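Please keep the display open while working through the numbered points.

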Amino acid sequence: MSWVYLATAIALLIGLFIILIRAIIGPTVYDRILATNALGTKTILFVTLLDYISGRTEFIDMAIVYALISFITTIAILKFAEKGRLD
Amino acid sequence: MLWNEIVTTVLLGLGCVVSLTGALGLLRMPDFYTRLHTAGKTDSLGQFLILLGLVFVTPDLLTQIKLVGVAMILMIAAPTATHAITKAAHLNDLRPWTKRDPGGEP
Amino acid sequence: MNAVVLIDTLLLILVTITAVAIIEVRNLYASVMLTSVYSLLMALVWVNMHSMDVAFTEAAVGGGISTILLIGTLVHTAREERPIKARVHWKALLVTAVTGAALIYGTFDMPRFGDPHAPIHHFRVPEMMAQTVGFANGTKGKQAPPEGFDAREYRSFNGRVADIPDDPTDTAWRETSVLAQDGIIVPKVIGHAAHAPVHDDAGHHPHPADDFNGHVPNSVTSLLAAYRGYDTMFETTVIFTAGISLIMLLRRPRRQGEAQVGAPMVDQAVLRVVTKMSVPFILLFGLYVITHGELGPGGGFQGGVVIACGFILYALIFGRAALYRVLPPPVIDVLTGLGVLLYSGTGAACLLLGGQFLDYSMLNRLSPGDGESLGMTLVEYGVGITVSMVMLNIFNQLAEEQPT
């Protein structure tokens, strides 16, 4: 069963790599914001998978925190792109 | 393998295929709005499939509830973020790529 | 090559690519976003090494607060970096190379990664690990000790270091654990408290005092708050000092009648509704992280940052004026000091009750383990309050400045 987790983790890493390329070369700023948002979601999935690979079950709190933090960061970046200030 | 491991393998495989396709589309699509389609939609669906697949192999109930909780949070937050990005891009006059434009971004 | 090493290698390649991109990309906005990506990937590296508290802090602080504050700084600077002529600064390169070489040379003396014979595993860790292992300090615990286990032998450290043979091709010693070679078996660590909290009303505690009565299975929190309580108190004071210096440097007295000009995003219906649904949940989850820090990953710093992020989300969508109605700046200032007061006040209370400063076992005479657990909860709350209010203060100051 652990090979399934490992294969999924490798697939997610390949996805992370591809999205990172887009975050670096994206010509407009919204491409980069989109890539950062997608990277946050893939990170949450990766954390949950690492939990199952190692056999312990205490990583779920971290996944919840990641989800909330990446949402707030995306909103902050968007507010700056739209209004020019962080008020 | 037991039945729950088969279900988990199927769901994890589907989730991986969806996520990888979305990431590939993010790289290959010519314009921002097309990339938004691939990344935004496959993001929300892929995370739901993978987290739902992991529910079936969890031994205790509390972790299962927390996994479903994370899936629900992401189900609300990820489409909201995609909507906010689209609205910001549209309000800042980012025009979509039409057939008359030459080429398009690589 | 097992799973951990493979994933670690791939993640470190991604981290290196991101780090090079942060330096090379000219657009400062993109650099800030790539910094947040870097923090997320580094948090994944920590998760891979099973150090959950560090990963928690890296994700919350690096991926969340740090990015928001960097964007607040970006309001006042240009969007693009001015191009500089590329030339090599030989003196700086030499100093950096010599310092790096000295640091790497210094790591040769450290014990091997995960070596059970390292001095830290014999001197103090057995008491902290007694939460999860149980029988290492004499309590029965939930698992029986393995065959031939001698607790005194396990805990005695007479200065032995690992006997590494001189022949570099003789690598058999790496296959087995050093303690197993000496006839001392390494106990298996289970992921939760070895025994449920034991309360005896006869006045005598049936377990050794260092066990914290099974209340604190998270060894990181017990080390931070009990064994190194002084360090954590001074760290909290450092954060408090940073908040004070910010107030002294950046805060200007507000003239009467000056309106709070802001740019709230209240007109976006979807964001407004989702924020109204999420902010109570985020604040409650921050409190959960602070309180649950003794039993699992978490603690005061992480929970404080999550609470600050909840308030920042409210300020982003509804405007700073709405946040000032909920949390006026005088209240933020008072709460900043209240956290440090709570921490040192707990220490002083232990002093007044007859023990030493920060000796939490004085808080509960009948069962010192429960006293230790209560003391740790109080100081974690102190840390959480100070950290969240200082982060919110920094955000308020950065957002208040007029954009140049």
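1. Two residues are counted as in contact if their C-beta atoms, placed from the backbone, lie within 7 Å. By this rule, 37 residues of chain A are in contact with 38 residues of chain B. Helix 2 of chain A provides the largest share of the side that touches chain B, 13 residues. That side of chain A divides into 25 nonpolar, eight polar and four charged residues (Ala, Val, Leu, Ile, Met, Phe, Trp, Tyr, Cys and Pro count as nonpolar, Asp, Glu, Lys and Arg as charged, and the others, Gly among them, as polar).

2. The model is predicted: local features need pLDDT of at least 70, side-chain atom pairs count only at pLDDT 80 or more, and totals for chains, interfaces and linings use all residues. Residues are numbered from 1 along each chain as its sequence is written, while chains are lettered from A and ligands numbered from 1 in the order in which they are written.

3. Chain C has 52 residues in contact with 43 residues of chain A. Helix 3 of chain C gives the most to this side, with 12 residues (helices are DSSP runs of H or I, at least four residues, numbered from the N terminus). By class, the side of chain C that touches chain A has 38 nonpolar, 13 polar and one charged residues.

4. Helix 2 (residues 29-54) of chain A and helix 2 (residues 28-48) of chain C pack at an angle of about 5°, with their axes 10 Å apart (axes are lines fitted to C-alpha atoms over the stretch in contact, and angles run from 0 to 180 degrees between N-to-C directions). These two helices are therefore roughly parallel, a term for angles under 35 degrees. Their contact includes A:Leu39 and C:Leu40.

Terms used. Parallel < 35°, antiparallel > 145°, perpendicular 65-115°, else oblique.
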